[in-house]
Amino acid sequence: MIDAHIHLDWYQPNELQELIHTLKIDGMITVASDFKSCQRAWQLAQTYPFVYATFGWHPEQALPAAQEINHILEAIEQKSQDIAAIGEVGLPYYTKLKNPSLDTAPYHAVLEQFVQAAKKYDLPIVLHAVYEDASVVCDLLEKYQIKRAHFHWFKGDSTTINRMIGNQYMISVTPDCWYEAEIQSLIKQYPLELIMAETDGPWSFKGPFQNQMTHPNMILEAGKKIAEIKQLTVQTVQEQLTRNTIDFYGLNDRN
Ligand SMILES: [Zn+2]
């Protein structure tokens, strides 16, 4: 199986070593959160053949200087043949919740630049867009006729879910599917062919994963829960999730 979304560069060096040496899955998509993170993701992908890098700017942070975004866009241009996708990009849902007066217009403008880059270089895009933000992002993706979109750790209403299924957008499920009813219901509604598994590590989980370092192996547990909800065998689900991730990110065309 492949962890479809992890921030490998956010682990401490000792944690990273432990993670690599105890890995029971086949690969990971490590997403970037700023320019420095793009460089780190690139280094990790060069070091470990089972790590695939994406370049982007995470929306849940204060806006950077325009130069920062330009550096990332330049890096995407230079490595467009070698990176797996553009991401993590999106809209600042949780920052806005904490600070309702936040002006999100500049965040929309930054996201639109990344969507344009995804179109220009024909790259998949990894999105952080939940609840009301998801439909706004759907508008943007439809405007540019973007086909390969991955809404990581997606949460949202039925109307948006149906729109995303109609557009064949991918989602990914984290280990919180063990204890979040909202995610369990999403798994029931969403076609298995459009689902991947992720940890968003080092983000930590509750329930059976309480007080554990988030390890990419935890997607095996997510796979088991998805199998239970979909009433399929674990093997069938693991194979399908893996195929989905390989096909969506074009990993077979890489080394
Ligand atoms: Zn993330």
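Q: Which residues does Ser80 touch, not counting residues up to four places away in sequence?
A: Two residues are in contact if their C-beta atoms, placed from the backbone, lie within 7 Å. By that rule Ser80 touches Tyr121 and Leu123, with residues up to four places away in sequence left out. This is a predicted model, in which local features need pLDDT of at least 70 and side-chain atom pairs count only at pLDDT 80 or more, while totals for chains, interfaces and linings use all residues. Residues are numbered from 1 along each chain as its sequence is written.

Q: Where does Ser80 lie, and how exposed does it count as being?
A: Helices (H or I, at least four residues) and strands (E, at least two) are DSSP runs, numbered from the N terminus. Ser80 lies in the loop between α3 (66–78) and β4. A residue is buried if 20 or more other C-beta atoms lie within 10 Å of its own, exposed if 12 or fewer, and partly exposed in between. Ser80 has 15 C-beta neighbours inside 10 Å and therefore counts as partly exposed.

Q: Why is strand β4 described as largely enclosed?
A: In β4 (residues 85–90), 6 of the 6 residues are buried, so the strand is largely enclosed by the rest of the structure.

Q: Which strands pair with β4, parallel or antiparallel?
A: Two strands pair if DSSP finds at least two bridges between them. Strand β3 (residues 51–55) runs parallel to β4 and is joined to it by 2 bridges, with Ala85 of β4 as the bridge partner of Thr54. Strand β5 (residues 125–128) also pairs with β4 in the parallel sense, over 3 bridges, and here Ile125 of β5 is the bridge partner of Ile86.

Q: What is the order of the strands in the open sheet, and which strands stand at the edges?
A: The open sheet of 8 strands has parallel pairing and the order β1-β2-β3-β4-β5-β6-β7-β8. β1 (2–6) and β8 (195–197) stand at the edges with a single partner strand each, so one side of each is left without a neighbour in the sheet.

Q: At what angle do helices α9 and α10 pack, and which residues make the contact?
A: Axes are lines fitted to C-alpha atoms, for helices over the stretch in contact, and angles run from 0 to 180 degrees between N-to-C directions. Helix α9 (residues 218–230) packs against helix α10 (residues 234–249) at about 115°, with the axes 8 Å apart. Gly223, Lys224, Ile226, Ala227 and Lys230 of α9 meet Val234, Val237, Gln238 and Leu241 of α10.
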